[in-house]
Amino acid sequence: MLDTILNFLDSTGVAKLVHDPVLLVKTLIMYVIVIALLYLAIKKKFEPLLLLPIAFGMLLANLPGANLMHLDWFLQKEIDWGYILNHGGLIDFLYIGVKLGIYPSLIFMGVGAMTDFTALISNPKSLLMGAGAQLGVFVAFFGALLIGFIPEAAGAIGIIGGADGPTAILVTKTLAPALLGAIAIAAYSYMALIPIIQPPFMKLLTTKKERQIVMTALRPVSQTEKLIFPVLVAIVVAIILPDAAPLIGFLMFGNLLNVSGVTDRLSKTAQNELMNIVTIFLGVSVGATASAENFLQLQTIAIVVLGLVAFSISTCGGLITAKIMCIVTKGKINPLIGSAGVSAVPMAARVAQVEGQKANPANFLLMHAMGPNVAGVIGSAVAAGVFLSMFKG
């Protein structure tokens, strides 16, 4: 009986921590990070729908002795799916949806169903601002190369600048799966911090006179245009850049469900029930990749710093592009809407609206900013397709 009790005590997580002081320190550090993320999600309401599941996934991954996630199984060049199905646990099975790229595409379908593309269709020039806001992606990519990251990892880090969590996850799970936890946390954290990060750059790169510019109303968009746009974009992007097809294809499919007028039930499901279910699975499984072994490394700090650089430069790229367009159009475009070229829909557009009204209470920039905002979603997916076509095996 005594041997049985001793064996039981020795098998507990407490025993593992007591016997391994290094593991104890690492686990405590991870718990501090988990508590910080939960605080940001619950108290500060920073991207709570994803930050909270990610934080709890991290907690599950760092329960000593639980072994709920086996990331090393998914890092092999030839994954033994039969072994995973026979020996894996719940989170291993949930992670399959990440590894196969299922969750990010389904999230994009929900985003497409929720997003109004009217502003972009009405003003196609917004695509230029969305393209300009991808500048940080490539700056961070080259920066990561310079400090020693391999090209695949550099591409995954750079995509943080697109301010698009699902896109960052899709690229990272393919090119640098060991970095998934750090990159996902960085991407969603910076998305949540948009109202804090962007305004200083908006004020730095625009004059008060420019911020006061009132833009004319957008032209009406016909139902035919709304139907043609998603189909046309899906075809064009898939032909030019096939690796971007899963994201762009499902984004446009979701939008078509919304604008067709005959699939309201499917559109509402994509926006609500399916989106919520996939968000839970995605957040928990991605968070579970952030074990102490993978997360507590110097490269995590480098990823966080490079992600901030990427996001900041992307914001500046969109603002500078819009500023040039303002000059070319002789003051018809408010440069603030360029900051919405990052693909955090609709938060970035709302920040442009808030800053515009601070400068001029009569300013209503939200719909105008949605044009570059939607263009940014397309732009980040295209940038992801570029990296995937260049580096995936």
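Buried means under 20% relative accessible area, exposed over 50%, and partly exposed in between, computed with a 1.4 Å probe on protein chains only.

This is a predicted model, in which local features need pLDDT of at least 70, side-chain atom pairs count only at pLDDT 80 or more, and totals for chains, interfaces and linings use all residues. Residues are numbered from 1 along each chain as its sequence is written, and side-chain values use heavy atoms, leaving out hydrogens and water.

**Aromatic pairs**

A pair of aromatic rings is described by the distance of the centres and the angle of the planes. Rings of Phe, Tyr and Trp (its six-membered ring) pair if their centres lie within 6.5 Å; planes under 30 degrees apart count as stacked, over 60 as edge-to-face and the rest as tilted. The whole structure holds 11 aromatic pairs. In one of them, Phe 138 and Phe 387 have ring centres 5.6 Å apart and planes at 45°, so this pair is tilted. Phe 138 sits in helix H11 (residues 135-146) and Phe 387 in helix H24 (residues 366-391), 249 residues apart. Helices (H or I, at least four residues) are DSSP runs, numbered from the N terminus.

Phe 141 and Phe 391 also make a tilted pair, because their centres are 5.8 Å apart and their planes at 35°. Phe 141 belongs to helix H11 and Phe 391 to helix H24, so parts 250 residues apart in sequence are tied together.

**Accessibility of the paired residues**

| Residue | Relative accessible area | Class |
|---|---|---|
| Phe 138 | 33% | partly exposed |
| Phe 387 | 1% | buried |
| Phe 141 | 6% | buried |
| Phe 391 | 17% | buried |

Phe 138, Phe 141, Phe 142, Phe 387 and Phe 391 form one aromatic cluster.

Conventions: Helices (H or I, at least four residues) and strands (E, at least two) are DSSP runs, numbered from the N terminus.
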